[in-house]
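Take a look at the model below. The paragraphs after it lead through its parts step by step.

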Amino acid sequence: VDDLKTFVRKGTPDMSEQVDIKVLIKSSISLVSPMIQKSTSRFYVNYADNLPVITGNLHRLEQVVINLIQNACQALPNTQHAIYVSTGVDAKGRNVFIKVEDEGKGIPAETLPHISDAFYTTNYETGGVGLGLSITSKIVEQHGGRITVESTVGKGTVFRIYLPKKQNFTSVEES
């Protein structure tokens, strides 16, 4: 049993890194920049001043931002539609947020409750397998955060990731 616990802990990502949100966003954008360039000529980033550093796992959080940007790119009908990425602190000052907004096709209201279900996708024809938002949601939860989505068909979608300044993490044993 002790050997199994050691093995499980080794497989658990380090959730104690100090993560600079600006560095996180810049790194994520650089990893998907070819897709961004093919998808839109209107990509905007706005970094809030003096964002607190959060505790978490940089690579896991990169997965979240990359997935949201990729989804935004895939939602755009052409390169004239925009994607906006911004950061900030919520009104109560408890959470840092990352917002990814697109001027894409939007998500129908009846689909919204299912978008983070594993294997649920509306993009089978383009190779989607329905794991991106499921994994994204799990990573955000592991960081003690939450994700919200607002969408209007034909207008676009806004995803917000809220990550607390002080975080309580779920371990693999609790999952």
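**Starting from one serine**

Ser-86 has its place in strand 4. Helices (H or I, at least four residues) and strands (E, at least two) are DSSP runs, numbered from the N terminus. Is Ser-86 buried or exposed? Ser-86 counts as buried, because its relative accessibility is 14%. Buried means under 20% relative accessible area, exposed means over 50%, and partly exposed lies in between (1.4 Å probe, protein chains only). Which residues does Ser-86 touch, leaving aside its neighbours within four places in sequence? They are Asn-46, Phe-97, Ile-98 and Lys-99. Contact here means heavy atoms within 4.5 Å.

A word on the source. This is a predicted model, in which local features need pLDDT of at least 70 and side-chain atom pairs count only at pLDDT 80 or more, while totals for chains, interfaces and linings use all residues. Residues are numbered from 1 along each chain as its sequence is written, and side-chain values use heavy atoms, with hydrogens and water left out.

**The whole protein**

Now step back. The protein holds four helices and seven strands. From the N terminus on, the elements run α-β-α-β-β-α-β-β-α-β-β. Of the 175 residues, 39% count as buried. Take the contacts between residues at least 6 apart in sequence: 70% of them join residues at least 24 apart.

Two strands pair if DSSP finds at least two bridges between them.

Begin at strand 2. Strand 2 and strand 4 (residues 83–89) run parallel, joined by four bridges. Phe-43 stands opposite Ile-83 of strand 4.

Move on to strand 5. Eight bridges pair strand 5 with strand 7 in the antiparallel sense. Lys-99 has Arg-160 of strand 7 as its bridge partner.

Strand 6 and strand 7 run antiparallel, with seven bridges between them. Thr-152 stands opposite Gly-156 in strand 7. The hairpin of these two strands has three residues between them. In that hairpin, Gly-154 takes a positive phi near 85°.

How many residues of strand 7 are buried? Nine of its nine residues are. In a regular strand the side chains alternate between the two faces of the sheet. In strand 7, Gly-156, Val-158, Arg-160, Tyr-162 and Pro-164 point one way. Thr-157, Phe-159, Ile-161 and Leu-163 point the other way.

**Aromatic pairs**

The structure holds two aromatic pairs. Tyr-44 and Tyr-84 form a stacked pair, with 5.3 Å centre to centre and 15° between the planes. Tyr-44 lies in strand 2 and Tyr-84 in strand 4, so this pair ties together parts that are 40 residues apart in sequence. Tyr-44 counts as partly exposed, because its relative accessibility is 40%. Tyr-84 is partly exposed too, with a relative accessible area of 27%.

Phe-97 and Tyr-162 form a tilted pair, 6.2 Å centre to centre with 55° between the planes. Phe-97 lies in strand 5 and Tyr-162 in strand 7, so this pair ties together parts that are 65 residues apart in sequence. Both Phe-97 and Tyr-162 are buried. Rings of Phe, Tyr and Trp (its six-membered ring) pair if their centres lie within 6.5 Å; planes under 30 degrees apart count as stacked, over 60 as edge-to-face and the rest as tilted.

Arg-146 lies over the face of Tyr-162, at 4.2 Å from the ring centre. A charge sits over a ring if NZ of Lys or CZ of Arg is within 6 Å of the ring centre and within 35 degrees of the ring normal.

**Confidence**

The protein averages a pLDDT of 81, and 75% of the residues score at least 70. pLDDT is the predictor's confidence in each residue, from 0 to 100. Among the elements, strand 2 has the highest mean pLDDT (97) and helix 1 (residues 2–11) the lowest (44). Over residues 1–10, pLDDT stays under 50. Where pLDDT is low, the predicted coordinates should not be read in detail.
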